[in-house]
Amino acid sequence: QVQLVESGGGLVQAGGSLRLSCAASGSIFSINFAAWYRQAPGKQRELVAHITDGGNTYHVDSVKGRFTISRDNAKNTVYLQMNSLKPEDTAVYYCNAHVRIPPGRGPYSYWGQGTQVTVSS
């Protein structure tokens with residue numbers, strides 16, 4: 001019953017901004033580790049950023065300084081704020097979250113459905 005629902009993707013011009021959201025629904029205790037990945041056409045999926053349950057973050061060099069991963073534990077939601085977007089950021093973005101499930105299982109890994117981000121030049 002647990003689902004990760006992504007939203008916020010779209011088409012923007014280079015230099016623009018988007019904020020992606022990944023909300024966990026269903027009966028869960030909490031989200032622990034979470035991450036954003038992306039996959040461009042014809043290329044392998046790559047890690048973009050991750051965040052621990054304590055709020056520590058990591059961003060790959062290609063997005064560092066432009067993207068920011070964050071979380072709202074009360075809403076069971078993970079975000080990816082994307083600024084100064086470039087055409088090479090165009091990809092399908094997937095969230096991944098490790099979720100603790102009652103009565104005392106997990107954490108288990110879940111994936112969002114993916115959301116398209118397209119950056120035009």
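**Briefing: pocket, salt bridges and sheet**

About 180 Å³ of space lies in the largest pocket, a volume being the space filled by probe spheres set on grid points that are joined across faces, edges and corners. A pocket here is an open set of points on a 1 Å grid over the protein atoms alone, with protein on both sides within 12 Å along at least five of seven lines, and its lining residues have an atom within 4 Å of a point. This is a predicted model, in which local features need pLDDT of at least 70 and side-chain atom pairs count only at pLDDT 80 or more, while totals for chains, interfaces and linings use all residues. Residues are numbered from 1 along each chain as its sequence is written, and side-chain values use heavy atoms, with hydrogens and water left out.

**Pocket lining**
- The largest pocket is lined by 13 residues, and Arg-38, Ala-40, Lys-43, Glu-46 and Glu-88 are the ones that lie nearest its centre.
- The lining divides into two nonpolar, four polar and seven charged residues, where Asp, Glu, Lys and Arg count as charged, Ala, Val, Leu, Ile, Met, Phe, Trp, Tyr, Cys and Pro as nonpolar, and the others, Gly among them, as polar.

**Salt bridges**
- Three salt bridges are found in the whole structure, each being a side-chain nitrogen of Lys or Arg within 4 Å of a carboxyl oxygen of Asp or Glu.
- Arg-38 forms a salt bridge with Glu-46, with the closest N and O atoms 2.8 Å apart; Arg-38 is buried at a relative accessible area of 6%, whereas Glu-46 is partly exposed at 35% (buried means under 20%, exposed over 50%, partly exposed in between, with a 1.4 Å probe and protein chains only).
- Arg-38 also forms a salt bridge with Asp-89, at 3.0 Å between the closest N and O atoms; Arg-38 lies in strand S4 (residues 30-39) and Asp-89 in the loop between strand S8 (77-82) and S9, so the pair ties together parts that are 51 residues apart in sequence.
- Asp-89 forms a further salt bridge with Arg-66, the closest N and O atoms being 2.8 Å apart, and both of these residues are buried.
- Through shared partners, the salt bridges join Arg-38, Glu-46, Arg-66 and Asp-89 into one network.

**Sheet**
- An open sheet of four strands runs in the order S1-S3-S8-S7 with antiparallel pairing; strands are DSSP runs (E, at least two residues) numbered from the N terminus, and two strands pair if DSSP finds at least two bridges between them.
- Strands S1 (3-7) and S7 (67-72) stand at the edges with a single partner strand each, so one side of each is left without a neighbour in the sheet.

Note on methods: On a 1 Å grid over the protein atoms alone, a cavity is a set of points where a 1.4 Å probe fits but cannot get out, and a pocket is an open set with protein on both sides within 12 Å along at least five of seven lines; lining residues have an atom within 4 Å of a point.
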